[in-house]
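Here is my note on the model you sent for comment. Please read the points with the structure open beside them.

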Amino acid sequence: IMGVDTVVDVHGSCIYSDPKDANAEWIIIATTTEARAFDLTAADIPGSVKVLAYPAGVTLSGRVDMIQALDYVTIFREGATAIEFAGDVSTPGAFVKVASGAKTQHKIFTAATNTAISAGVVTVTEGTHGLAVGDTVEVVTSALDGITEGESYRVATVPGSGSFTFFAAADDTASAATIVYSTAASLGGGYISPPAGAWGVYHQRRIFMPFTHTSAASPATRNVTDELIASDILDRSTFDPIGSQFRITAGTSDYLVNVHPFDDDRLVAFNRNSVHVLSGISGSLDDVKTTQLTGEIGCAARKSIVGYGNKVFFLSDSGVY
């Protein structure tokens, strides 16, 4: 299935379903020098192969972890910047490196007569705002009914670099009103790009991953093995190292093996020698609580964790639990 013309190593794989095509499902396999996608609905699956190139200079060695989050497939490489693919598999593109380092921080938008409302669509005209679909803006000051100070809105469209839109239950009372907006602000450390962790889990519209390495272009180890960090909601590439970081077993030599969603509001964290549950993960993460379930056993193999119904199975040193 991988072809007879080359000899390759397989380092990881995942299922990919194209949001634009309800009838298509693919398996994407990461080899040493490129990824290959196979259409599971094709009559000739080997003949359906599409090649997805890696960024220049990137090759894989050892095991990697792959997930689909929103429209993207991400390949996590422990100690190296992750790479991601976004696009239509049927017209292949290529993987690119995710952004590195600190992200653009808090912005205030104050342009005069910047807001117009039509049929519930709020159009904001602001030069070089730098926002993308899914980003959040907060109303700082407003004199319009329906656009309330302190409320947050998610960017719906970005017609261009000088404007963005969001939806609000507001009357068409203004065609040129002045409203002050701000982007979300971190709790103190500033936002960062994805750290160079070994794996990631997509749950409740966030990516949860180990915070073992920095997010710099040349990642460095943090010498911390039991911290978990979560992305912003609907934003796979923005992390708050203060507000969205959780230390699972501070003060012990135990380390994080993997996490697994249990229900809408809980995440089970499997350490090597203990098991914990994080509750309160469905909202802002301000009130997340970590509780130890057991200190007698832990998980011996990350890929052994499987959910079935209301149970989660995993392999420990003394067998399957």
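1. Basis. This is a predicted model, in which local features need pLDDT of at least 70 and side-chain atom pairs count only at pLDDT 80 or more, while totals for chains, interfaces and linings use all residues. Residues are numbered from 1 along each chain as its sequence is written, and side-chain values use heavy atoms, with hydrogens and water left out.

2. Largest nonpolar core. A nonpolar core here is a set of buried Ala, Val, Leu, Ile, Met, Phe, Trp, Tyr and Cys residues joined through side-chain atoms within 4.5 Å; buried means under 20% relative accessible area with a 1.4 Å probe, protein chains only. The largest such core has 20 residues, and the members touching the most others are Ile28, Tyr54, Met66, Ile75 and Phe95. At least two residues each come from strands S1 (10-16), S2 (26-31), S3 (34-39), S6 (72-77) and S7 (80-86). S2 supplies the largest share, 3 residues. Strands are DSSP runs (E, at least two residues), numbered from the N terminus.

3. Contact means heavy atoms within 4.5 Å. With neighbours within four places in sequence left aside, Phe95 is in contact with Ala35, Leu52, Ala53, Tyr54, Pro55, Val73, Ile75, Ile83, Glu84 and Phe85. Another core, of 18 residues, lies apart from the largest one and includes Ile117, Val124, Leu144 and Ala177.

4. A cavity is a set of points, on a 1 Å grid over the protein atoms alone, where a 1.4 Å probe fits but cannot get out; lining residues have an atom within 4 Å of a point. Grid points are joined across faces, edges and corners, and a volume is the space filled by probe spheres set on the points. The whole structure has 2 cavities of 30 Å³ or more. The largest holds about 70 Å³, and its lining includes Thr74, Phe76, Glu84, Ile207, Met209 and Arg236. S6, S7, strand S18 (206-210) and strand S20 (235-239) each give two or more residues to this lining, with the largest share, 3 residues, coming from S20. By class, the lining has 7 nonpolar, 2 polar and 2 charged residues. For these classes, Ala, Val, Leu, Ile, Met, Phe, Trp, Tyr, Cys and Pro count as nonpolar, Asp, Glu, Lys and Arg as charged, and the others, Gly among them, as polar.

5. Second largest cavity. This space is about 40 Å³. Among its lining residues are Thr81, Ser100, Pro195, Thr214 and Pro219. The lining has 8 nonpolar, 4 polar and no charged residues.

6. Largest pocket. A pocket is an open set of grid points with protein on both sides within 12 Å along at least five of seven lines. The largest has a volume of about 630 Å³. It is lined by 27 residues, of which Lys103, Ala132, Asp135, Asp235 and Thr238 are the closest to its centre. S20 provides the largest share of the lining, 4 residues. The classes are 9 nonpolar, 10 polar and 8 charged.

7. Second largest pocket. Its volume is about 500 Å³. Of the 25 lining residues, Ala184, Tyr191, Arg206, Asp232 and Ser284 are the closest to the centre. Strand S19 (227-232) is one of the elements giving two or more residues, and S19 gives the most, with 3. The lining has 8 nonpolar, 11 polar and 6 charged residues.

8. Two strands pair if DSSP finds at least two bridges between them. S12 (136-141) and S16 (180-183) are joined by 4 bridges, and Val137 stands opposite Thr183 in S16.

9. Two single residues. Asn271 lies in strand S23 (266-271) and is buried, with a relative accessible area of 0%. Residues that Asn271 touches, beyond four places away in sequence, include Ile248, Asp254, His276 and Cys299. Gln204 sits in the loop between strand S17 (201-203) and S18.

How values were computed:
Buried < 20%, exposed > 50% of the residue type's maximum accessible area, 1.4 Å probe, protein only.
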